[in-house]
Amino acid sequence: MKNTLTEKAKRYLPILDWLPQYKKTDLQGDLSAGLTVGIMLIPQGMAYAMLAGLEPIHGLYAVTVPLLLYAIFGTSRQLAVGPVAMVSLLTAAGIAGLNASSPEQYLVYALTLAFLVGLIQFGMGILRLGFVVNFLSHPVINGFTSAAAIIIGLSQIKHIFRINLPNSEHIQEMAVAIFQNIGDIHWITFGIGVIGIIIIKYGKKIHKSFPAPLVAVIIGIALVSGFDLTGQGVKIVGDVPSGLPSLSSPSFDWATWKTLFPIALTISLVGFAESFAVAKTIHAKHKNYKLDSNQELIALGMANFGAAFFRGYPVTGGFSRTAVNNDAGAKTTMASIISAVLIVLTLLFFTGLFYNLPSTILAAVVLVAVSGLIDFKEPVHLWHKDKADFSMLVATFVITLTLGIETGIISGMILSLLVVIYRASTPHMAQLGRVPGTNIFRNINRFQNLEIKEHLLMVRIDGPIYFANVEFIKNKLEKWILERNEKVNMIVFNMESVTNIDSTGAHELNEWILAWRKLGIDVCMTSIKGPVRDVLNRWALLECVGADHIFLDDNTAVSAFDHAIDEDILEKYSPYATQTNIK
């Protein structure tokens with residue numbers, strides 16, 4: 001009993017699995033990774049909060065309690081949780097429709113959104129619905145991510161150029177606004193932004209542990225302070241409150257929930273898809289622990305609850321930070337705890353240092369981060385390998401760019417489902433012929449010189465026979481019968497690839513058999529799986545086909561057909577044959 005309780009505790013609190021066995025040798029890697037990611041989180045958190053439409057301090061709040069909660073509940077030992085560009089943009093897009101009357105009201109909406117995301121993810125984890133994210137196919141995520149990265153990049157142009165641009169997520173509106181205001185560029189701001197981009201983009205070439213974003217922040221602050229650039233129009237962050245985040249409360253107003261729910265659902269699915277994808281990638285390099293998708297949902301849900309009640313906003317696992325965390329030597333989620341401690345120390349003692357931080361540097365942090373999200377190779381790859389997936393990627397990309405973030409991801413999910421439905425309703429079917437000199441039968445469209453009997457149509461259906469595909473199967477069979485100039489007098493159903501038959505499929509099969517026999521076309525079946533045979537028996541289809549028309553394999557069925565031809569008894573079949581000889 002004790003062992004059972006211990007195992008359950010470890011299942012829902014994975015920290016209990018690794019903490020009692022924590023080794024001193026792990027501390028060096030965790031300390032290095034924790035400090036590296038913590039330093040990275042300071043400018044990133046502030047930049048992403050600004051992208052979400054919040055004061056930069058809330059980005060730091062979002063990597064304190066949420067980070068600690070994930071460290072307790074998460075199964076990935078390298079995943080770095082916190083604000084990310086995609087979720088930040090989705091947050092801004094979702095709250096925009098509520099027309100907040102003040103920054104305080106906007107923050108309440110952000111807290112409410114984090115709470116709803118936590119509620120959805122936690123609920124999905126408890127109900128073990130981690131598989132739902134599979135409906136976001138890779139081409140959809142790729143197209144959505146690339147389009148969102150472009151929108152995020154364009155949204156930062158106003159900070160890099162210091163020009164007035166509307167808050168929009170439609171590329172056509174943003175492009176027109178940039179064109180109309182391009183003449184108002186503030187060149188000093190632009191110059192600082194370019195310096196920041198160069199440092200962040202190429203600083204890693206010095207050393208993989210080089211804290212390029214932090215160095216860019218320091219240089220930006222030094223330039224503003226040394227040359228009094230605020231007096232020349234450079235916009236700065238200004239006062240950054242010090243101290244730990246106080247307790248906060250989301251709104252429990254139903255109207256607010258109703259408005260925010262679609263974007264909360266989007267963030268929950270997209271955030272989890274991004275987080276679990278990178279967690280799986282890193283896990284493949286370690287394999288010394290078990291990664292549980294449902295527990296990951298619970299952990300991310302708890303992290304978002306932490307954001308909701310400690311003045312943060314929605315969080316998830318990030319690609320770049322997780323890669324840095326792993327490369328810096330993270331062995332356990334102790335690295336995340338160390339990162340959170342570093343952020344806490346920053347909040348307590350060092351927020352005053354960010355007063356002169358130029359907003360253009362934070363924009364540079366975002367721009368460099370999202371530039372890596374635009375994937376040029378995947379569309380080209382899919383164009384050559386899979387036109388259907390390529391079309392889905394392009395459609396999601398275009399819809400996201402032109403109609404907005406929320407519309408884009410929902411459209412992508414619908415497209416994914418439509419493709420699944422289409423493929424399910426059009427199963428692969430093959431006509432079979434004998435390989436000369438053998439008892440092996442193959443697809444006549446893939447193999448040459450097969451033996452094909454003019455009056456015998458051998459068919460293999462690769463998939464279930466059910467309501468969604470019976471019409472397709474029937475049309476295909478009728479087409480093949482017509483192609484034989486209606487000379488077919490026997491159809492052999494190879495059932496080895498049929499995994500299931502529902503009531504509609506059973507009813508239709510019965511109708512087909514009766515109709516074909518009225519036309520003088522007999523039917524037999526081969527290689528029926530046990531579960532499928534049970535279904536056929538339940539619906540009396542075995543009786544309809546006839547015990548002497550059920551065969552173990554194709555060769556036996558063809559031999560019986562040849563015998564019937566030789567004896568001229570093909571049309572003397574009795575549908576009332578007993579089932580005692582079913583094989």
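Let me start with Thr351, which touches Ile57, Val240, Pro241, Ser242 and Thr346, leaving out residues up to four places away in sequence. Touching, or contact, means heavy atoms within 4.5 Å. Before going on, note that this is a predicted model, where local features need pLDDT of at least 70 and side-chain atom pairs count only at pLDDT 80 or more, while totals for chains, interfaces and linings use all residues. Residues are numbered from 1 along each chain as its sequence is written, and side-chain values use heavy atoms, with hydrogens and water left out.

Back to Thr351. This residue sits in the loop between helix 16 (334-349) and helix 17 (359-371). Helices (H or I, at least four residues) and strands (E, at least two) are DSSP runs, numbered from the N terminus. Thr351 counts as buried, at 2% relative accessibility. Buried means under 20% relative accessible area, exposed means over 50%, and partly exposed is in between, with a 1.4 Å probe and protein chains only. Thr351 and Val240 are 111 residues apart in sequence, yet their C-alpha atoms are 5.7 Å apart in space. The backbone oxygen of Val240 is also 3.3 Å from a polar atom of the Thr351 side chain.

Next, a pair of helices. How do helix 8 and helix 20 run relative to each other? The axes of helix 8 (residues 138-155) and helix 20 (residues 405-425) come within 10 Å and cross at roughly 170°. Axes here are lines fitted to C-alpha atoms, for helices over the stretch in contact, and angles run from 0 to 180 degrees between N-to-C directions. The two helices are therefore roughly antiparallel; angles over 145 degrees count that way, under 35 as roughly parallel, 65 to 115 as roughly perpendicular, and the rest as oblique. From helix 8, the contact uses Val140, Phe144, Ala148 and Ile151; from helix 20, it uses Ile405, Gly408, Ile409, Gly412, Met413 and Ser416. Seven of the contact residues are nonpolar, three are polar and none is charged. For that count, Ala, Val, Leu, Ile, Met, Phe, Trp, Tyr, Cys and Pro are nonpolar, Asp, Glu, Lys and Arg are charged, and the others, Gly among them, are polar.

Another residue of helix 8 is Asn142. Asn142 is buried, at 8% relative accessibility. Its contacts, beyond four places in sequence, are Asp375, Glu378, Pro379 and Leu393.

Now helix 10 (residues 171-181), where Met174, Ala177, Ile178 and Asn181 are buried. Seen down the axis, these buried residues fall within an arc of 100°, so they line one face of the helix. The arc is that of the directions from the helix axis to the C-beta atoms. As background, an α-helix has 3.6 residues a turn, so residues three or four places apart point the same way. On the other side of helix 10, Phe179 and Gln180 are exposed. The cover over the buried residues of helix 10 includes helix 8 and helix 9 (157-161).

Helix 9 contains Ile160, which is buried at 4% relative accessibility. Ile160 and Gly193 are 33 residues apart along the chain, with their C-alpha atoms separated by 5.5 Å. Among the residues that Ile160 touches are Gly193, Thr189, Phe190 and Leu367.

Most residues other than glycine have a negative phi. Asn99, however, has a positive phi near 50°. Asn99 is in the loop between helix 6 (85-96) and helix 7 (103-126), and is exposed, with a relative accessible area of 64%. Arg128 has a positive phi of about 55°. Arg128 lies in the loop between helix 7 and helix 8, and counts as partly exposed at 38% relative accessibility.

Two residues remain, further along the chain. Ile501 is in the loop between strand 6 (490-494) and helix 22 (503-518). Is Ile501 buried or exposed? Ile501 is buried, at 3% relative accessibility.

Thr526 is buried, at 0% relative accessibility. Its side chain makes a polar contact with the side chain of Asp554, at 2.7 Å. A polar contact is a pair of N or O atoms within 3.5 Å; within protein, one must be able to donate a hydrogen and the other to accept it, and residues adjacent in sequence count only if both atoms are side-chain atoms.
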